[in-house]
Amino acid sequence: MKKLAITAVAGLALAACATAEGTFIEAGKKPLSAETLKTLLVGNTINGKGDTFVFSAYVNPDGTVHGKNARAENTGTWKITADSVCWEWKDPRWTNACHKNYEDKGEYVQMQSDGSEHYRFTVEKGNPKGL
């Protein structure tokens with residue numbers, strides 16, 4: 001029974017490291033804090049790139065967000081929790097969820113709830129794209 005428990009714990013540890021987030025955690029990285037997220041995002045524009053999309057979004061200090069990709073524009077709201085940013089978009093084709101964020105190699109990574117990478121992004125000061 002003891003051997004089975006050790007094997008199960010080892011399996012869970014390996015599964016955690018099998019995700020992008022697990023790799024960051026193993027490397028000692030922590031999700032960005034609420035204070036860091038506020039300083040980084042609020043009043044600024046994020047430029048993101050996922051596997052199948054590229055977009056920009058202005059994170060307005062009033063709690064709204066305006067985003068644009070090659071196919072559509074969208075508006076919604078945002079909020080920051082202890083270690084995540086939450087997006088709620090009007091267009092249901094855009095992801096409504098809370099995501100942890102990590103800094104990695106001069107850019108930022110937003111994670112899915114399953115620990116996979118949602119997209120990578122950079123930040124521009126202000127709203128230079130007029131979103």
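Colleague: Which residue forms a salt bridge with Asp 104, and how far apart are the closest N and O atoms?

Modeller: In this predicted model, Asp 104 forms a salt bridge with Arg 120, and the closest N and O atoms are 2.9 Å apart.

Colleague: Which residues are linked with them in a network of salt bridges?

Modeller: The network of salt bridges links Lys 29, Asp 104, Glu 107, Glu 117 and Arg 120.

Colleague: And how many salt bridges does the structure hold?

Modeller: There are eight salt bridges in the structure, and among them is one between the side chains of Glu 73 and Lys 68, with an N to O distance of 4.0 Å. Glu 73 is partly exposed at a relative accessible area of 48%, and Lys 68 is partly exposed as well, at 41%.

Colleague: What about Arg 93, which side chain does it meet in a salt bridge?

Modeller: The side chain of Arg 93 meets that of Asp 91, at 2.6 Å from N to O. Arg 93 counts as exposed, because its relative accessibility is 67%, whereas Asp 91 counts as buried, with a value of 12%.

Colleague: Staying with Asp 91, which side chain has a polar atom 3.1 Å from its backbone nitrogen?

Modeller: That is the side chain of Asn 74, one of whose polar atoms lies 3.1 Å from the backbone nitrogen of Asp 91. Asn 74 belongs to strand S4 (residues 73-80), and it is buried, with a relative accessible area of 4%.

Colleague: What else is Asn 74 in contact with, leaving aside neighbours within four places in sequence?

Modeller: With those neighbours left aside, Asn 74 is in contact with Val 65, His 66, Gly 67, Trp 89, Lys 90, Asp 91 and Trp 94.

Colleague: Switching to the rings, how many aromatic pairs does the structure hold?

Modeller: The structure holds eight aromatic pairs. In one of them, Trp 87 and Trp 89 have their ring centres 6.1 Å apart and their planes at 20°, so the pair is stacked, and both of these residues are buried.

Colleague: How do Trp 89 and Trp 94 pair, and what is the angle between the planes?

Modeller: Trp 89 and Trp 94 form a tilted aromatic pair, with 4.7 Å from centre to centre and 55° between the planes. Trp 89 counts as buried at 9% relative accessibility, and Trp 94 also counts as buried, at 13%.

Colleague: Which residues form one aromatic cluster with Tyr 108?

Modeller: Phe 53, Phe 55, Tyr 119 and Phe 121 form one aromatic cluster together with Tyr 108.

Colleague: Last topic, confidence: what is the mean pLDDT, and where does pLDDT stay under 50?

Modeller: The mean pLDDT of the protein is 86, and 87% of its residues reach 70 or more. Over residues 1-17, however, pLDDT stays under 50, and for that stretch the model has four contacts beyond four places in sequence.

Notes:
Residues are numbered from 1 along each chain as its sequence is written. This is a predicted model: local features need pLDDT of at least 70, side-chain atom pairs count only at pLDDT 80 or more; totals for chains, interfaces and linings use all residues. Side-chain values use heavy atoms; hydrogens and water are left out. Buried means under 20% relative accessible area, exposed over 50%, partly exposed in between (1.4 Å probe, protein chains only). Rings of Phe, Tyr and Trp (its six-membered ring) pair if their centres lie within 6.5 Å; planes under 30 degrees apart count as stacked, over 60 as edge-to-face and the rest as tilted. pLDDT is the predictor's confidence in each residue, from 0 to 100. Contact means heavy atoms within 4.5 Å. Helices (H or I, at least four residues) and strands (E, at least two) are DSSP runs, numbered from the N terminus. A polar contact is a pair of N or O atoms within 3.5 Å; within protein, one must be able to donate a hydrogen and the other to accept it, and residues adjacent in sequence count only if both atoms are side-chain atoms.
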